[in-house]
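Good morning, everyone, and thank you for making time for this short talk.

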2 protein chains.
Amino acid sequence: MKLEISKEELRNFLLHATDEQLAEMIEFIHPVDILEVIHEYKADEDQIMKRLPSEILAEIVDEEEDEEKYGLLSHFSDTEQRVILEEMSSDEITDLVSVLDEAESEEVLSKMNVEDRQEVRALLSYDPETAGGLMATEFICLSDQMSVMQTLLYLQKEAQDAEMAYYLYVVDQNKVLTGVVSLREIVAHSFETLIRDIANPNVISVPAPTDQEEVARIFSKYNFLMMPVVDEQDRILGVITVDDVMDIIEEENTEDIHRLAQINEEEKVDGSLIESLKSRLPWLFINLLTAFLASSVVAVFSGTIEKVVALAAVNPIIAGMGGNAGTQSLTIVVRGIALGELTGENARRVFFKEFGVGVLSGVSIGLVVALICGLMQRNPIFGLVVGLAMLLNMAFATIAGYAVPVILKKINVDPALASSVFVTTVTDVLGFFFFLGLATLFLPFLM
Amino acid sequence: MKLEISKEELRNFLLHATDEQLAEMIEFIHPVDILEVIHEYKADEDQIMKRLPSEILAEIVDEEEDEEKYGLLSHFSDTEQRVILEEMSSDEITDLVSVLDEAESEEVLSKMNVEDRQEVRALLSYDPETAGGLMATEFICLSDQMSVMQTLLYLQKEAQDAEMAYYLYVVDQNKVLTGVVSLREIVAHSFETLIRDIANPNVISVPAPTDQEEVARIFSKYNFLMMPVVDEQDRILGVITVDDVMDIIEEENTEDIHRLAQINEEEKVDGSLIESLKSRLPWLFINLLTAFLASSVVAVFSGTIEKVVALAAVNPIIAGMGGNAGTQSLTIVVRGIALGELTGENARRVFFKEFGVGVLSGVSIGLVVALICGLMQRNPIFGLVVGLAMLLNMAFATIAGYAVPVILKKINVDPALASSVFVTTVTDVLGFFFFLGLATLFLPFLM
């Protein structure tokens with residue numbers, strides 16, 4: 001059975017169905033879809049939530065954005081909140097608590113049992129953008145002496161709580177990781193098989209302080225569903241699951257896209273006007289500064305422009321085309337760094353390729369503009385000046401497009417951040433300088 | 001046990017270890033790492049491959065990029081190739097065959113057994129960028145009458161081949177999907193539990209022609225590990241796994257980032273010079289066209305510039321700042337569309353927010369430039385003209401930044417594609433027009 005209904009229809013159903021209808025249909029509705037209805041129809045939130053059974057409510061809270069979870073929780077009585085918190089995974093509760101203020105987080109923690117509370121407090125001590133901050137503590141460890149049958153019986157007791165049991169970890173008596181075995185391997189082997197014989201000793205783990213971007217890269221590289229997080233002694237502390245990693249990938253991509261366009265990474269398309277202004281105005285002012293810098297180059301040559309006013313119309317073409325070529329190089333290099341495709345080994349080759357692209361684009365674009373401008377001004381020297389300036393600016397544009405993100409990366413600044421300001425400043429300043437400088441040099445032939 | 005060694009050390013080990021050492025250590029080395037060594041040290045490829053056992057070789061071929069798989073395969077004898085193909089999943093073989101020419105693909109298909117060959121031929125009939133093109137046919141179906149014990153015994157026979165058994169699908173006698181049960185649920189319940197009692201009837205599936213971007217969105221939304229693909233009668237055709245979806249997310253993100261910077265989506269940072277030129281030059285020429293368009297606006301006002309040459313220096317500031325503001329709006333809107341956060345419902349609000357950002361940024365940036373330029377020229381009217389032009393251009397810039405991608409989306413063009421050309425053309429043309437037009441209007445006060 002499959003439901004293909006709109007948010008509005010689902011809302012009407014959740015509000016107006018009889019209790020019997022709701023009880024019958026609720027298992028066919030995904031909690032994420034109910035969450036979407038609640039987001040869309042804020043006014044109905046209370047009424048809808050009141051009608052839902054508590055295990056569905058826990059799932060809805062689990063799926064909600066970190067910042068909003070507390071708001072959802074507060075719809076419920078203390079007793080209900082305890083039940084919901086009991087059912088949530090440790091990493092979700094950690095995310096929830098980490099965005100609250102002192103009083104709120106103490107309130108939430110006070111509603112948890114002692115053991116869960118200790119776990120969450122431990123998780124809160126990690127930087128949220130590291131492996132430690134991402135991990136959950138619900139994982140299952142085995143001894144390699146166990147048989148498949150023993151494991152299955154053990155799982156029947158333990159696996160209900162461990163939401164993330166795609167892989168089970170084999171540990172020695174000191175909790176040091178010695179192997180990994182997938183649930184699939186376990187069910188594919190006969191009951192008497194020993195875990196020792198099917199476990200893979202090559203278990204790849206990350207230390208807790210590993211940056212989340214690196215974690216995502218390892219997941220993608222090895223196509224993992226889950227990865228253990230370890231301490232310095234290689235003891236397992238927790239596990240990270242692929243769904244968290246997918247969120248990180250989207251987050252890191254949004255960050256890069258936003259930073260390339262000079263917006264803050266947190267800005268949301270449906271955010272408030274104030275948030276957007278806070279995100280963008282500082283960048284606009286930085287750009288204004290660099291625009292004045294470029295403009296002052298033009299001002300230096302105002303004597304030349306006064307004599308050949310046609311220069312003023314061509315000037316923005318040179319700078320703009322350099323900006324485009326620079327942005328192209330910059331983007332491919334920033335993305336190459338993000339995907340780990342630009343490495344120490346191919347850096348030299350990539351540099352010369354980018355420089356080559358700049359020179360060859362500069363020659364072809366330069367020829368065309370030289371021809372057009374030369375004809376329009378009926379002056380081949382005018383064309384020569386335009387073409388030469390174009391060639392020079394595009395060659396330097398691709399050098400800047402390569403060098404700026406690579407240098408930022410070297411000094412541990414995100415290459416996506418501020419790269420485009422630097423590159424367009426270079427292309428504007430150099431574009432104006434090459435063009436108007438050459439024009440001044442050849443001035444007698446242009447008048 | 002954990003290995004932290006460089007590619008070079010791994011290469012030396014693979015080449016120079018004794019057979020005994022290699023046999024002992026091979027299970028501690030991940031095939032992906034061996035693949036990286038082979039990529040890095042092309043010359044050693046043959047020698048390294050010859051030393052590895054065939055099950056490791058199959059895994060290495062499985063992990064290789066589609067375009068390179070055939071090259072790797074050809075290192076082996078026909079018999080070895082048959083073994084490797086036998087061990088690969090149907091979607092991997094489909095990807096491998098789909099990039100080959102007629103003769104090569106027939107050669108690969110001829111080395112497969114009849115059943116696998118038919119499956120791969122069926123998969124080849126789907127568009128590779130749809131759910132059908134992504135799915136594999138190795139999935140496991142259950143009847144809801146089975147008990148957990150019966151299921152476990154069934155899996156011991158069947159699960160070896162089905163690499164993707166995180167979820168098992170419950171089907172009726174016509175293969176119509178009726179439910180889903182996770183492997184975790186199965187092992188967490190007692191042996192006599194009936195599948196019927198633990199299966200979730202709310203199984204979300206996608207029709208085979210669904211676009212891969214939509215597939216990725218559903219995976220992210222519901223945090224799935226696997227999703228079934230169905231035909232019109234809701235019969236299960238195959239399954240898509242989360243690792244393929246992670247690749248799609250990276251691919252679609254790269255596409256958006258590249259298109260926003262006007263590079264083709266396939267360009268690689270370590271690609272060839274020719275490929276880069278092919279990817280970028282057409283876009284540069286389109287930009288050149290629009291640059292001439294903007295330049296012609298300046299040319300129209302050359303009489304004004306001739307009289308007040310300072311205008312030539314300020315001109316690029318107005319156009320450039322509009323371009324920055326437009327790009328900011330454009331990017332947030334394109335990303336919002338890609339993430340599904342800009343919907344029919346909030347479109348109006350987002351539009352007014354963007355317009356508001358344009359007006360308020362225009363006012364603040366306008367005031368600053370008006371002040372600076374007015375003081376520098378010792379002429380408040382000059383300042384007024386600059387400020388007013390800045391305000392107008394930034395307001396229109398954010399309108400264009402919103403409208404262009406939304407319109408492109410409406411007419412089913414990727415909003416990331418060509419948006420930036422349109423928006424910067426608008427901001428250049430309008431920027432020059434507003435500024436020089438106002439200057440012409442106020443000319444008597446500027447001279």
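This is a predicted model: local features need pLDDT of at least 70, side-chain atom pairs count only at pLDDT 80 or more; totals for chains, interfaces and linings use all residues.

**Where the two chains meet**

Chain B and chain A bury about 10,700 Å² between them, and 65% of that area is on carbon and sulfur atoms; buried area here is the accessible area, taken with a 1.4 Å probe, that two parts lose on being put together, summed over both. Residues are numbered from 1 along each chain as its sequence is written, chains are lettered from A and ligands numbered from 1 in the order in which they are written, and side-chain values use heavy atoms, with hydrogens and water left out.

In terms of contact, meaning heavy atoms within 4.5 Å, 119 residues of chain B touch 120 residues of chain A.

Side chains of opposite charge can pair when their charged atoms come close. How many salt bridges are counted between chain B and chain A? There are ten salt bridges between these chains, where the term means a side-chain nitrogen of Lys or Arg within 4 Å of a carboxyl oxygen of Asp or Glu. From helix 19 (residues 310-338) of chain B come 16 residues, the largest share of the side of chain B that touches chain A; helices are DSSP runs (H or I, at least four residues), numbered from the N terminus.

One of the bridges joins A:E341 to B:K268, with the closest N and O atoms 3.7 Å apart. Another salt bridge links the side chains of A:E36 and B:K221 at 3.4 Å, N to O. That pair crosses between chains, from helix 3 (residues 31-40) of chain A to helix 15 (residues 212-222) of chain B.

**Pairs within a chain**

The side chains of B:R259 and B:D414 meet in a salt bridge at 2.4 Å, N to O. B:R259 lies in helix 16 (residues 242-260) and B:D414 in the loop between helix 21 (380-410) and helix 22 (419-441) of chain B, so the pair ties together parts that are 155 residues apart in sequence. B:R259 is buried at 12% relative accessible area, whereas B:D414 is partly exposed at 22%; buried means under 20%, exposed over 50%, and partly exposed in between (1.4 Å probe, protein chains only).

In chain A, A:K353 and A:E354 also form a salt bridge, at 3.1 Å, N to O.

Key. Helices (H or I, at least four residues) and strands (E, at least two) are DSSP runs, numbered from the N terminus.
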